[in-house]
Amino acid sequence: MLLWAGALLCMICGVAWATPDKASGTLNYKGKAVNLGHAYLIKGPDSVDPATVIRRLVLTKQDIGAKLQGCKTMSCVDGEVTEGLIVDLLSGPRFGYWMAINGAMIQYSGTLRPSVLQASTDDDKRLAGKLSFDDGAAGGPKVDVEFDASMLKELAA
């Protein structure tokens, strides 16, 4: 009986360890480093073209999942990120990104080639993989992070 209980506990621990919505990596910007530990995936209308629905990958230092759940607009999602990175996964030649650090007192935005995102899982409910880029030559951040994000919220257009 004790052996069976130990095996069940190991299975539960393994499931907890493999849960999505985690990130492991860093965002470095002009000598300031932010450890990214949380990952979220949100689907909703693009702010430039509300008729276009996009997926947004959110990588943060703090757990802001409950705050994001309360959002009713994509701009609300932006406002909750004070230490992290947002990547808008658009179909096209470039992804847009925006970073905030130091309580959102420092911000930077730019675009990325889609090849900087190496997905191991990419479907309607989950995005997992590695995001790695160095935008320092343009004055931007260097990011190297592995993540596993399940769909947290779908916002109406």
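**The aromatic cluster and other labels**

Mentor: One aromatic cluster is formed by Y29, Y97, Y108 and F133. Keep in mind that the model is predicted.

Trainee: How many aromatic pairs does the structure hold?

Mentor: There are three aromatic pairs. In one of them, Y29 and Y108, the ring centres are 6.0 Å apart and the planes meet at 40°.

Trainee: Why is the pair of Y29 and Y108 called tilted?

Mentor: The centres have to lie within 6.5 Å for a pair, and these are 6.0 Å apart. Planes under 30 degrees apart would be stacked and over 60 edge-to-face, so at 40° the pair is tilted. It also links distant parts of the chain, with Y29 in strand 1 and Y108 in strand 6, 79 residues apart.

Trainee: Why do Y29 and Y108 count as buried?

Mentor: The cut-off for buried is under 20% relative accessible area. Y29 has 9% and Y108 has 17%, so both residues are buried.

Trainee: What makes the pair of Y97 and F133 tilted?

Mentor: The same test applies. The ring centres of Y97 and F133 are 5.1 Å apart and their planes stand at 50°, so this pair is tilted. Y97 belongs to strand 5 and F133 to strand 8, so the pair ties together parts 36 residues apart in sequence.

Trainee: How do you know whether Y97 and F133 are buried or exposed?

Mentor: Y97 has a relative accessible area of 3% and F133 has 8%. Buried means under 20%, so Y97 and F133 are buried.

Trainee: What makes the link between the side chains of R56 and D88 a polar contact?

Mentor: The distance is 2.6 Å, and the limit is 3.5 Å between N or O atoms, one able to donate a hydrogen and the other to accept it. R56 itself lies in strand 3 and is buried at 4% relative accessible area. Beyond its neighbours within four places in sequence, R56 is in contact with residues including Y40, M74 and I86.

Trainee: Why is N102 called partly exposed?

Mentor: Its relative accessible area is 45%. Buried would need under 20% and exposed over 50%, so N102 is partly exposed.

Trainee: What is there to note about phi in N102 and A104?

Mentor: Most residues other than glycine have a negative phi. Phi of N102 is near 55°, and A104 has a positive phi of about 70°. N102 lies in the loop between strand 5 and strand 6, and A104 is found in that loop too.

Technical notes: Residues numbered from 1 in each chain as written. Predicted model: local features only at pLDDT ≥ 70, side-chain atom pairs only at ≥ 80, totals over all residues. Heavy atoms only, no water. Helix = DSSP H or I, 4+ residues; strand = E, 2+ residues; numbered from the N terminus. Buried < 20%, exposed > 50% of the residue type's maximum accessible area, 1.4 Å probe, protein only. Contact = heavy atoms within 4.5 Å.
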